[in-house]
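Got your viewer open and a cartoon view ready? Let's walk through this one together, a selection at a time.

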Amino acid sequence: MRIKKFTASNYSIALQKVKQELGEDALILSTRSIKPPSPIAGRKEATQVEITAAVEYASAVVEPEVQSSDELENKPLPEKGDADLKSLIFSLLSQTDRAQSMGLKPHQFDTFSHLVESGLDEKLASKILKKALEQNSEQTADSSKGPLKVMNLMKKVLPCKGGIDLNVYGPKIVAFVGPTGVGKTTTVAKIAAEYALRRGKKVVMVSLDTYRLGAIDQLRVYGEIMEVPVEVAGGKEELRHIITNHEDKDLILIDTTGRSHQDKDYSRQLKKVFDAVRGVETHLVLSVTAQEKLFTATYRQFSSMGLDRVLFTKLDEGLNFGSLFNFTVRNRLPISYFTSGQQVPEDLEVARPERVISLIFN
């Protein structure tokens, strides 16, 4: 990596120097204004600006070997570990410097900082802000409307398909998969209550969670309260038999065992079970309290079986919600529902883009 400082009378000229010498891929590390020394009587010195920029050595323009002593700081660092060093330097910059290095405008810095602090990925936040600026050139003239335009753009790119759509003929089969502790069983009960009690539909709940007896008991308690039948299936043959016996139902909800994201074989087992009955709509259940890395690991665990929607639980316990946006946009997996609290079915809501944006922007 090569690091060099550029001075000029204003930032536009300094940035032009950076591009000319280091190219378009140069990373802006810092900027500052240089105050002139005490002016000589009768003469006013102009303030200058300084930009410190860096570029990977392989892409830097070759210059003559002769260097003055004040250019020693610009000597290229060893190529080994350059990528790690670049990442380290970038991480040490302030959010404002990082925003500037990504090519954002000064009036966008506050919005960028808010998005990042809310959990949005920096590169994704930068792309959104740049796209918002491209779509409306007047944004530079009226920066007060910037955040609103960013919100509107985020709403457009966030995939939400709403709740469960029932079939015209035959039961709709919906399964819920995900790690342990995310609230799958309670979520199944909430959706069953929504359709059975509020919409008057015929619903049955099926548990594939034979690993935890407590989960079956919990589902049966909900079933007794709502007067909704509860079945237990130990495999694909039992599940096929249950579905055949409930062909008169409008909705069949399947609760599954929670497994660690490291259990790669579990999703293959579930796929074989669901393939035996066909037409299963699968919702991945994630908790907003989990780390984003767990979102990714869980998605990889279950993606091979075919995921149709994602459902986020425990909104009432979440601290920031940018990870919801990151995950959904990157994987193009539509959100179906949000849940919060333990009340059935009150703490269930159909996911809307406006809701996600309001969470991110408080």
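Start by selecting Ala-8 and Val-49: Ala-8 stands opposite Val-49 in strand S3. Before moving on, note that this is a predicted model in which local features need pLDDT of at least 70, side-chain atom pairs count only at pLDDT 80 or more, and totals for chains, interfaces and linings use all residues. Residues are numbered from 1 along each chain as its sequence is written, and side-chain values use heavy atoms, with hydrogens and water left out.

Now widen the selection to S1 (residues 2-8) and S3 (residues 48-55), which run antiparallel and are joined by seven bridges. Strands here are DSSP runs (E, at least two residues), as helices are (H or I, at least four), numbered from the N terminus; two strands pair if DSSP finds at least two bridges between them. Colour S1 by face: Arg-2, Lys-4, Phe-6 and Ala-8 make up the covered one, while Ile-3, Lys-5 and Thr-7 are on the uncovered one.

Next comes an open sheet of eight strands with mixed pairing, ordered S6-S5-S7-S4-S8-S9-S10-S11. Strands S6 (230-232) and S11 (348-350) are at the edges with a single partner strand each, so one side of each has no neighbour in the sheet.

Zoom in on S5 (residues 203-207), which pairs with S6 in the parallel sense over three bridges. Pick Ser-207 and you will find its bridge partner, Val-232, in S6.

Finally, show helix H7 (residues 184-198), which packs on the sheet and touches several strands, including S4 and S7 (contact means heavy atoms within 4.5 Å).

Terms used. Axes are lines fitted to C-alpha atoms, for helices over the stretch in contact, and angles run from 0 to 180 degrees between N-to-C directions. Buried means under 20% relative accessible area, exposed over 50%, partly exposed in between (1.4 Å probe, protein chains only).
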